[in-house]
Amino acid sequence: MEDREEKERGVMAEQRGEEGESEATKENSTKGKEENGVDMKAEEEEEKQQKQQEEEDEEERGMSKQVEVTMEVSERVPGLTAGVIRGADLFGYVGIEAVLDQMRRKTMKAGFEFNIMVVGQSGLGKSTLVNTLFKSKVSRKSCTPNYEEKISKTVKLQSVSHVIEEKGVKMKLTVIDTPGFGDQINNENCWEPIVKYVNEQYEKYLKEELHVNRKRRIPDTRVHCCIYFLPATGHWLRPIDIEFMKRLGKIVSIVPVIAKADTLTIEERLEFKQRIRQDLAANGIRVYPQKEYDEDAEDRIVNDRIRESIPFAVVGTDKEHQVNGNKVLGRKTKWGIIEVENAAHCEFANLRDLLIRSHLQDLKDVTHNIHYETYRVRRLNESNMNFSELELSIRNSIEFLRKTL
């Protein structure tokens, strides 16, 4: 009996010990929970403070943005103010940027025109270069069909038009060639037919504008760019080159190029280009792009690089050759293949980027806003002077009739 009582007492003691341990663990867990609860509360308070701080910062930024909105006073209407509202100040999306897509769709549907003139002696590769520029047969292969008519008596201008489409964009390209320029023994006034042609296109456009019921879209036949080919002599500019660019530079954008530049070494090419730039500056010849037409600092940086490369030393060809397993446009010689689109061989890629990829629209804008406007103002002033002279003559005749009667 005593043994049983002792065993029961030991079991009771063990149960009491386990209960004590469980109560201790419970107390510890409750204490841990309380401590965790304190930490959570502290973290929540910190998050609330951070959110309040961020909201205050956003309010301050909004106030600063409102303060930064500049108010410009309109010069046309006195007392009228115009606010410049930035995208961040709008309450939501308006859709103003969709205007660019609208303009793009309309331009792709209607297409646009680009008229380019090539001037230079026969045999300099004018037609071949134009074909290489647009990678198609857009210019005729030779000036004349047979040998007897190879040397013409005067400069005759011939134009060829094509519609080129690339990725849905249509462009009506017109190439104006000038066979017979500089081919004569006496080249006096050989630039007059070219000047006359350029002015005739301005006159045609002006008459269309002055019509009472004018067309919705006036056909644009004005010359947007004139590529002038210089022979690779390695010397200075010839008198005919200076005189032509002097006269044409006032009415059209001129881009001079050195034709068949592969006949010169790299050192000869650099020296020749330097001499040409000196001649252009000494004679006051303006070639595209002109410094006075730079709109901002970014345009000035880009155009300065172009002006440093003018005149472009180019090579033209329409034949493809295999180079390292790839087809490239080039001219095959005894010592290798001259790759037309390789910047290390010639500057054809720079000329193509200028005429098509970067400055095509600028060439059209300069033609319309500068050269055509100059011609338009002169013609309207002449017409006003003629009208005033006619009015004066009518008054004189009326007074004479009164006196005689």
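Colleague: What should I know before I start?

Modeller: The model is predicted, so local features need pLDDT of at least 70 and side-chain atom pairs count only at pLDDT 80 or more, while totals for chains, interfaces and linings use all residues. Residues are numbered from 1 along each chain as its sequence is written, and side-chain values use heavy atoms, with hydrogens and water left out.

Colleague: Let's take helix 5. Which of its residues are buried?

Modeller: General idea first: an α-helix has 3.6 residues a turn, so residues three or four places apart point the same way. Helices (H or I, at least four residues) and strands (E, at least two) are DSSP runs, numbered from the N terminus. Buried means under 20% relative accessible area, exposed over 50%, and partly exposed in between, with a 1.4 Å probe and protein chains only. Here helix 5 spans residues 239-248, and its buried residues are Ile240, Asp241, Ile242, Phe244, Met245 and Leu248.

Colleague: And what covers those buried residues of helix 5?

Modeller: The cover includes strand 3 (112-119), strand 6 (225-230) and strand 7 (254-258), along with helix 4 (192-210) and helix 6 (266-282). Helix 6 also holds Leu280, which is buried at a relative accessible area of 6%. Leaving aside neighbours within four places in sequence, Leu280 is in contact (heavy atoms within 4.5 Å) with Leu237, Met245, Ile285 and Val287.

Colleague: Which residues have the most contacts inside the largest nonpolar core?

Modeller: In soluble globular proteins, nonpolar side chains tend to be buried together. A nonpolar core is a set of buried Ala, Val, Leu, Ile, Met, Phe, Trp, Tyr and Cys residues joined through side-chain atoms within 4.5 Å. The largest one here has 70 residues, and Met117, Phe181, Ile227, Phe244, Met245, Phe312 and Leu355 have the most contacts inside it. Take Ile227: not counting residues up to four places away in sequence, Ile227 touches Ile116, Met117, Val118, Val119, Leu133, Val255, Val257 and Leu355.

Colleague: Now cysteines. How many disulfides does the structure hold?

Modeller: A disulfide is a covalent bond between the sulfur atoms of two cysteines. The test used here is a pair of cysteine sulfur atoms within 2.5 Å, and the structure holds 0 disulfides.

Colleague: Which peptide bonds are cis?

Modeller: One joins Tyr288 and Pro289, with omega about 0°, and Pro289 sits in the loop between helix 6 and helix 7 (297-309). Another runs from Ile310 to Pro311, with omega near -5°; Pro311 is in the loop between helix 7 and strand 8 (312-313).
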